[in-house]
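Please consult the sequence and the structure shown below alongside the notes.

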Amino acid sequence: MKLHRFDLSSRRSGFTLLELMVVIVIVGVLLGAFIVSGGGIFGKAEINNTKTRLQTLAQLIASYRSVENDYPDDRLPRNASASALNENSEALCLAFFDPSYTGQKPKLEWLGNTDDDSSSRQLTIFSDKQLKEIVDGWGNPIVYFESMHYDRAAQCFAGEDGQFVEQTVTPARDQGTGLALGQNGFQLISAGPDGIFDTEDDIVHAN
């Protein structure tokens, strides 16, 4: 009986071009699915982070009222700044970090300065004169409205992915009654994931 010998060296090794292309397509699909699902996870984390931040700020404002017998003002002192941009958020930050205030303060990592402005004189415990804002999970200013001033809009410098634009922000209102939320208290408003105020994804906390 004749035996057939197989030459192992003649067997092919590696991938054909077609097989390589199939692998690349599969990897691409899996990577795309991971990016989409991962983006959703991270986006949800930022939303939860911002909601928690607003709740904590509301507690700090309530504590401020118990110490100072009034809510923080949502306006800067006269002649403190030449710009009205981010004034509501800057005023809230100033109230907490005023040298005379001895109560609890927000975390320093919550502070930003999207409009990069400074005050005309020293107003805070910080070594510089920057007019900082308290920002949300996306780095945009959290707009603070005190109920006495629900009749006026705020000017804010915010946007998505650091692409800041000047925006007009109005107090949030009940869709049924048209009345401003937090009638005898205050509102805290985040622009949400899209960085644009007065849209459906805004995150609002009203007391």
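The model is predicted.

**Nonpolar cores**

- The largest nonpolar core comprises 22 residues, and Leu-57, Ile-61, Phe-96, Ile-134 and Leu-188 have the most contacts inside it.
- Helix H1 (17-68), helix H2 (87-96) and strand S6 (186-190) each contribute at least two residues to this core, with the largest share, six residues, coming from H1.
- A second, separate core has 12 residues, including Ala-154, Ala-158, Val-169 and Ile-189.

**Aromatic pairs**

- Seven aromatic pairs are found in the whole structure.
- One of them is the tilted pair of Phe-97 and Phe-126, with 5.0 Å centre to centre and 35 degrees between the planes.
- This pair links distant parts of the chain, 29 residues apart: Phe-97 lies in the loop between H2 and S1, and Phe-126 in the loop between S1 and S2.
- Phe-97 counts as buried because its relative accessibility is 2%; Phe-126, at 16%, is buried too.
- Lys-132 lies over the face of Phe-126, 5.4 Å from the ring centre.
- Tyr-64, Phe-96 and Tyr-101 are linked into a cluster by ring pairs.

- Asp-117 is located in the loop between strand S1 (111-112) and strand S2 (133-134).
- Asp-117 is buried yet has no salt bridge; Lys-132, the nearest side chain of opposite charge, is 9.5 Å away.
- Among the residues that Asp-117 touches are Ser-81, Glu-90, Gln-130 and Glu-133.

Definitions and conventions. Residues numbered from 1 in each chain as written. Predicted model: local features only at pLDDT ≥ 70, side-chain atom pairs only at ≥ 80, totals over all residues. Heavy atoms only, no water. Helix = DSSP H or I, 4+ residues; strand = E, 2+ residues; numbered from the N terminus. Buried < 20%, exposed > 50% of the residue type's maximum accessible area, 1.4 Å probe, protein only. Lys, Arg positive; Asp, Glu negative; His and termini not counted. Salt bridge = Lys/Arg side-chain N within 4 Å of Asp/Glu carboxyl O. Contact = heavy atoms within 4.5 Å. Core = buried A, V, L, I, M, F, W, Y, C linked by side-chain atoms within 4.5 Å. Phe/Tyr/Trp six-rings, centres within 6.5 Å; stacked < 30°, edge-to-face > 60°. Lys NZ or Arg CZ within 6 Å of the ring centre and 35° of its normal. Lists of a residue's contacts leave out its neighbours within four places in sequence.
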